[in-house]
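This report describes the fold of a single protein chain and then turns to selected local features. The sequence and the structure are shown first.

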Amino acid sequence: MANATFHFPPDFKWGVATASHQVEGNNDNNQWWAWEQEEGRIKQNHKSGVACDWWANAETDFDRAADMGLNALRLSIEWSRVEPEPGVFDAQALDRYREMIKGLRQRGLEPLVTLHHFSNPLWLEQQGAWINDGCIAYFARYVERVANVLGDQVDLWCTINEPNVYTTLSYLQGLFPPGEQNFKAARTVLGNLLKGHAAAYRALHRLQPAAKVGLAHNLRIFDPANPQSLADRLVAAIQDVGFNRATLNAVWKGWWTLPFGFGPAWSLRRTLDWIGLNYYTRDRVAFDAGARSTFFGRSQRTPGAELLDGGYGELYPEGLYRSLTRLARMRLPIYITENGIPDSDDDQRPAALLLHLHQTWRALQMNLPIKGYYHWTLIDNFEWAEGWTLRFGLIELNPETGIRKPRRSANLYTAIVRGNAVTPALIDAYAPRLRDRLLPG
Ligand code: FCB
């Protein structure tokens with residue numbers, strides 16, 4: 001073991017993941033832009049502004065990704081650009097996406113295209129967006145337009161990013177627009193997002209029979225704070241069902257699960273060709289009779305855990321392995337569509353990257369069908385309600401000047417990708433404290 005090299009499969013996809021509103025800049029026709037203008041909604045009242053300026057120039061960052069040796073990149077299409085008014089489609093916006101995606105292919109970066117990543121056109125938001133059942137048909141119509149223009153360039157589609165996170169943050173915690181805390185609304189929204197996913201799945205397959213369509217699911221681990229406590233175990237299980245299982249049951253088993261419903265959802269069954277895993281952290285959940293809005297669960301810190309910037313939670317790489325083995329029961333190809341940490345000074349990221357890739361490697365040794373890993377993210381970007389306070393980039397960005405500076409982690413990721421392996425030399429160079437953990441003996 002002392003000198004083991006952790007090899008990845010020869011056709012493994014090495015990518016980075018991004019989302020339109022976080023990187024494009026000047027997306028002033030969606031609900032996030034409007035939300036940013038309201039005092040106190042975003043940390044330090046930060047604004048997305050020109051973000052990473054991808055609408056004007058994504059290509060120099062595509063060059064950076066290609067120079068790192070990557071062979072894949074995940075980006076999302078901004079619905080509010082493609083359909084700025086109901087039923088009015090912007091051919092120039094679609095052309096720009098076509099140009100970007102061709103640019104990826106020319107650089108050897110296989111595109112994985114997300115069709116909805118948190119942002120809604122303003123006109124849709126004004127109608128209640130996903131609260132409104134009509135949204136499902138609107139989404140399918142938009143998806144068809146996009147597929148008509150990009151279908152010959154894109155095989156891998158992700159319909160909707162994290163329906164569970166969108167629902168929780170927008171309609172239960174009120175931290176994302178429209179800032180509601182309304183369980184009934186949340187139930188409707190999650191249901192409609194998943195129906196929207198199924199509608200998009202069908203539309204894409206109709207237009208492009210060979211398309212590979214999935215969704216990106218944020219799987220968060222909920223462990224009982226005290227495993228001996230029945231109450232803690234119960235609330236942890238309830239959070240797991242609500243956040244994780246309800247979504248997966250709907251699109252895989254075709255079954256609505258409490259608290260988000262109960263009964264058959266046959267039309268949603270098996271609407272996945274692959275499943276995307278977005279993995280970040282875990283919660284230790286304790287029973288708290290006062291915590292009604294979180295189903296009587298309160299998150300606690302694991303004693304001794306390494307904590308991440310900005311209260312983002314604990315560093316828990318084993319959770320990636322646990323999440324992968326859990327998803328493997330679906331018997332679908334798995335893409336790790338997001339994984340990363342907020343770390344502006346990059347003092348934790350190199351070790352975190354090595355540890356998470358080691359867990360990925362472990363899962364591959366068990367023959368789990370993991371097809372690729374997309375690090376969140378290439379360059380610091382606008383982190384939603386956290387504004388620019390959380391920095392997830394392999395490359396640092398000064399949003400005022402646009403100046404980019406690769407962090408050490410970028411060099412590490414490059415070396416891993418180019419060698420298709422995590423080697424003892426990389427562990428020694430980037431995180432020597434991990435030697436005993438990863439290379440015992
Ligand atoms: C995920 C989101 C992504 C980014 C990362 C840090 O939940 O999909 O846009 O915010 O978290």
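## Overall architecture

Of the 441 residues of the protein chain, 60% count as buried in this predicted model. The chain is built from 16 helices and 17 strands. Its radius of gyration is 21 Å, which agrees with the value near 22 Å that a compact globule of 441 residues would have. Along the principal axes, the C-alpha trace spans about 65 × 55 × 45 Å. Among contacts with a separation of 6 or more, 74% join residues 24 or more positions apart.

The greatest contribution to the lining comes from H11, with 6 residues. By class, the lining comprises 7 nonpolar, 2 polar and 8 charged residues.

Helix H12 also has a buried side. Its buried residues are Gly319, Leu320, Tyr321, Ser323, Leu324, Leu327 and Ala328.

Thr18 is placed in the loop between strand S2 (13–17) and helix H1 (20–23). Thr18 counts as buried because its relative accessibility is 1%, and the cut-off for buried is under 20%. Setting aside residues up to four places away in sequence, Thr18 touches Val23, Trp54, Leu73, Arg74, Leu75, Ser76, His117, Trp376 and Thr377.

Two of these partners, Trp376 and Thr377, are joined by a cis peptide bond with omega near 5°. Thr377 is found in the loop between S14 and strand S15 (395–397).

## Lys195 in helix H10

Lys195 is located in helix H10 (residues 183–207). With a relative accessible area of 37%, Lys195 is partly exposed. Leaving aside neighbours within four places in sequence, Lys195 is in contact with Ile136, Trp256 and Leu268. The C-alpha atoms of Lys195 and Ser267 are separated by 8.2 Å, although these residues are 72 residues apart along the chain.

## Backbone features in loops

A further cis peptide bond runs from Leu258 to Pro259, with omega near 5°. Pro259 lies in the loop between strand S8 (255–256) and strand S9 (263–264).

Positive phi values are found in residues other than glycine. Arg270 has a phi near 55° and lies in the loop between S9 and S10. Asn367, with a positive phi of about 65°, is placed in the loop between H13 and S14. As for accessibility, Arg270 counts as partly exposed at 45% relative accessibility, whereas Asn367 is exposed, with a relative accessible area of 69%.

The accessibility values of the residues discussed individually are set out below.

| Residue | Relative accessible area | Class |
|---|---|---|
| Thr18 | 1% | buried |
| Lys195 | 37% | partly exposed |
| Arg270 | 45% | partly exposed |
| Asn367 | 69% | exposed |

## Helix H14

Helix H14 (residues 408–419) has 12 residues. The distance from its first C-alpha to its last is 17 Å, close to the 16 Å expected at 1.5 Å a residue. Its buried residues are Ser409, Ala410, Leu412, Tyr413, Thr414, Ile416 and Val417. After H14 comes Asn420, whose phi is positive, near 55°.

Note on methods: Residues numbered from 1 in each chain as written. Predicted model: local features only at pLDDT ≥ 70, side-chain atom pairs only at ≥ 80, totals over all residues. Heavy atoms only, no water. Helix = DSSP H or I, 4+ residues; strand = E, 2+ residues; numbered from the N terminus. Buried < 20%, exposed > 50% of the residue type's maximum accessible area, 1.4 Å probe, protein only. Contact = heavy atoms within 4.5 Å. Nonpolar A, V, L, I, M, F, W, Y, C, P; charged D, E, K, R; others polar. Expected span 1.5 Å × (residues − 1). Rg over C-alpha atoms; globule rule 2.2 N^0.38 Å.
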